[in-house]
Amino acid sequence: MSKNDEKTDITSGQVENQTENQVDDQVMEQEELSKEEQLQEELKLEKDKFLRLFAEFENYKRRTAKERIELFKTASQDVMLSLLPILDDFDRAYSEISKTKEKELLKGVELINSKLKNTLKGKGLEEIELASGDVFNADIHEAITQIPAPSDDLKGKIVDVVEKGYKLGDKIIRFPKVVIGQ
């Protein structure tokens, strides 16, 4: 071998070593990057899971708090429903006693009736106000029957209220029973 051949061999050997070293360095960098990228991807997934879990927990807390408040508002619904016939009886008694001449008896019934209604109102019970001539709404009224309208302006409207309706908070616990004009 001549010296030129040795130089060429050395040079080509060095080039091959350098190329292999560069390739090895690039492979290692890619492995490191890929490991780093994998870790970043895993971190991203874990953050996403955490955020979803946190949001789900917040929704659960909000929902249970709302249910608890609703339960407190309507916890006395059964008691209120059982008292509604008594309120109806008081109204009928008042209308009959008001026809008599005994004003003291009328005052006593008025006093008891107002105390009962105020106490129940304080607990969240409200009467649904209706009058003859109001527009019929199937969502909040219960039609008992239809009769021919006494006048044209009462067609499709409430002619008579048979039974009062009541709400407990925002929830209707007894729909008013009405007669509507045809």
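Mentor: A salt bridge is a side-chain nitrogen of Lys or Arg within 4 Å of a carboxyl oxygen of Asp or Glu, and by this rule the count comes to 12 salt bridges. Please keep in mind that this is a predicted model, in which local features need pLDDT of at least 70 and side-chain atom pairs count only at pLDDT 80 or more, while totals for chains, interfaces and linings use all residues. Residues are numbered from 1 along each chain as its sequence is written, and side-chain values use heavy atoms, with hydrogens and water left out.

Trainee: Where do Lys-61 and Glu-58 lie, and what joins their side chains?

Mentor: Side chains of opposite charge can pair when their charged atoms come close. Helices (H or I, at least four residues) and strands (E, at least two) are DSSP runs, numbered from the N terminus. Lys-61 and Glu-58 both belong to helix α1 (residues 3-74), where they are three residues apart, about one turn of the helix, and their side chains form a salt bridge with an N to O distance of 3.6 Å.

Trainee: Is Lys-61 buried or exposed, or something in between?

Mentor: Buried means under 20% relative accessible area, exposed over 50%, and partly exposed in between, with a 1.4 Å probe and protein chains only. Lys-61 counts as partly exposed because its relative accessibility is 40%, and Glu-58, at 24%, is likewise classed as partly exposed.

Trainee: Which partner does Lys-177 have in a salt bridge?

Mentor: The partner is Glu-163, and the closest N and O atoms of the pair are 3.2 Å apart. This pair links distant parts of the chain, since Lys-177 sits in strand β6 (residues 177-181) and Glu-163 in strand β3 (residues 158-163), 14 residues apart. Lys-177 is partly exposed, with a relative accessible area of 26%, and Glu-163 is partly exposed at 22%. Through salt bridges that share partners, Asp-88, Glu-163, Arg-174 and Lys-177 are joined into one network.

Trainee: In what order do the strands of the open sheet run?

Mentor: Two strands pair if DSSP finds at least two bridges between them. Here three strands form an open sheet in the order β1-β4-β5, with antiparallel pairing. The edge strands, each pairing on one side only, are β1 and β5 (171-174). Strand β1 is joined by four bridges to β4 (residues 165-168), and Leu-125 stands opposite Leu-168 in β4.

Trainee: Which residues does His-141 contact, apart from its neighbours within four places in sequence?

Mentor: Contact means heavy atoms within 4.5 Å. Leaving aside those neighbours, His-141 touches Leu-130, Val-135, Phe-136, Ile-158, Phe-175, Pro-176 and Val-178. His-141 lies in the loop between β1 (125-128) and β2 (142-147), and it counts as buried because its relative accessibility is 7%.

Trainee: Which element gives the most to the lining of the largest pocket?

Mentor: On a 1 Å grid over the protein atoms alone, a pocket is an open set of points where a 1.4 Å probe fits, with protein on both sides within 12 Å along at least five of seven lines, and lining residues have an atom within 4 Å of a point. Helix α3 gives the most to the lining of the largest pocket, with four residues, and α3 (103-122) and β1 each supply at least two. The lining includes Leu-87, Lys-117, Leu-125 and Tyr-166.
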